[in-house]
Amino acid sequence: MRRILIYILIICVSFFIGWELHSFFQHTSNTTVTKIFTKEKPLDKYTIENLSKREPVVAEIKIEETLKKDPKYTSYLFSFKTGGPPGGSPRGEAGEASKKVTGQLNIPNGVGPFPSVLMIRGYVDKEIYQTGIGTRKTAEVFAKNGFITIAPDFLGYAGSDPETNNVFEARFQTYTTVLDLLASLQSIEKWDGKNIFIWAHSNGGQVALEILEITAKDYPTTLWAPVSKPFPFSILTYTDEASDSGKYLRGQLARFEQDYDTDLYSIHKYLNKINTPIQINQGTADISVPYWWSKEFVKNLKDLKKEVLLNLYPGADHNLLPFWNQAVASDLLFFKKHFNND
């Protein structure tokens, strides 16, 4: 009898140990499978939907030096800090310090307060870029007419901190830079605290449209020859301008599309989120942005009952020459029409 009890005890202990080992290996196996099949997607945080949930970083806009003194305005080199995408933390991702971005700030002379125009340039090669290229001339006209103008250089340009090595994250961080700069305008003493306009040119037009969709705010916007095609066509169409004719970028895009849905990053899927009047100035002789892109884009906005106006300039190039003066004058009228006096 005693021997039988011992056998029973051994069987029970063996069953218990076997069950525990089975549970352990099953858990380990599931964890391993999960790790294998759950691929990290760090760029998910830059989708238009996710950026719309991001709390922007509010930083101080610091004057670094005076660039120019005009009878009607003063031009400054400014800097501010832009945070990483996770929750708008002032200390970037995984404790990484926030990034410094420089740019040009024009403030009208006088007591103020003044409305503000955020200016977003188009593509400029880093080797020739200097603060203010792409926005300086237009900004001077706006400043002389009583508008604060602020134009960021963006990461990797002029005195800004280096950009990320990931070609697509570098692009997406232009959005977080602009979002943080908008949130930081309150540190400019002479800003009136309510009027924010956006002016953008070429590829900067695509950035501006992303911002309008992410924020869904009323920032009356004027666009010069905007790149309004969906992502990634919006960049693929210019790959032949690269030294390798776009081979590297196409390779990076192929990897990107293996893990991400490009529609989640593209303006064409979120046009319904735009809640502000838009004016587009477009030349018919533009060889960088065909004028029919703007015509098609305006039609798409009008189909959604959005407030949009297209000014076509016959024979004008990508910089609206020879109708540059007329285009700037139309922008001033547009800003004044949508001025908030409340």
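This is a predicted model: local features need pLDDT of at least 70, side-chain atom pairs count only at pLDDT 80 or more; totals for chains, interfaces and linings use all residues.
Local features are reported at pLDDT of at least 70 and side-chain atom pairs at pLDDT 80 or more, while totals for chains, interfaces and linings use all residues. Residues are numbered from 1 along each chain as its sequence is written, and side-chain values use heavy atoms, with hydrogens and water left out.

The largest nonpolar core holds 60 residues. Such a core is a set of buried Ala, Val, Leu, Ile, Met, Phe, Trp, Tyr and Cys residues joined through side-chain atoms within 4.5 Å. Buried means under 20% relative accessible area, exposed over 50%, and partly exposed in between, with a 1.4 Å probe and protein chains only. I120, I150, F168, F172, I188, F256 and I278 touch the most other members. Helix 4 (residues 167–184) gives the most to this core, with seven residues. Helices (H or I, at least four residues) and strands (E, at least two) are DSSP runs, numbered from the N terminus. Another core, of 18 residues, lies apart from the largest one. Its members include A151, L320, V328 and F335.

Contacts (heavy atoms within 4.5 Å) were listed for individual residues. Beyond its neighbours within four places in sequence, F256 is in contact with L43, F168, F172, F231, T262 and Y265. I61 sits in the loop between helix 2 and strand 1. I61 is buried, at 7% relative accessible area. With neighbours within four places again set aside, the contacts of I61 are F78, S79, F80, I150, L181, S184, L185, S187 and I188. I61 and S79 are 18 residues apart along the chain, yet their C-alpha atoms are separated by 5.9 Å.

The model contains six salt bridges. Each is a side-chain nitrogen of Lys or Arg within 4 Å of a carboxyl oxygen of Asp or Glu. R54 pairs with D180, with the closest N and O atoms 3.0 Å apart. This pair links distant parts of the chain: R54 lies in the loop between helix 2 (48–52) and strand 1, D180 lies in helix 4, and 126 residues separate them. R54 is buried, at 8% relative accessible area. D180 is buried too, at 0%. K68 forms a salt bridge with E140, at 3.3 Å between the closest N and O atoms. K68 lies in strand 1 and E140 in helix 3 (residues 136–144), so the bridge ties together parts 72 residues apart in sequence. K68 is partly exposed, at 35%. K299 and D303 meet in a further salt bridge (3.0 Å, N to O). They are four residues apart in helix 8 (residues 291–303), which means a separation of about one helical turn. D303 is partly exposed, at 48% relative accessibility.

D70 is buried yet has no salt bridge. Its nearest side chain of opposite charge, K144, is 4.4 Å away; Lys and Arg count as positive and Asp and Glu as negative, with His and the chain ends not counted. D70 lies in the loop between strand 1 (62–69) and strand 2 (73–82). A polar atom of the D70 side chain is 2.8 Å from the backbone nitrogen of K72.

The buried residues of helix 3 are T138, A139, F142 and A143. Seen down the helix axis, they fall within an arc of 135°, so they line one face of helix 3. The arc is taken from the directions from the helix axis to the C-beta atoms. Helix 3 is followed by G146, whose phi is positive, near 90°.

Technical notes
A polar contact is a pair of N or O atoms within 3.5 Å; within protein, one must be able to donate a hydrogen and the other to accept it, and residues adjacent in sequence count only if both atoms are side-chain atoms.
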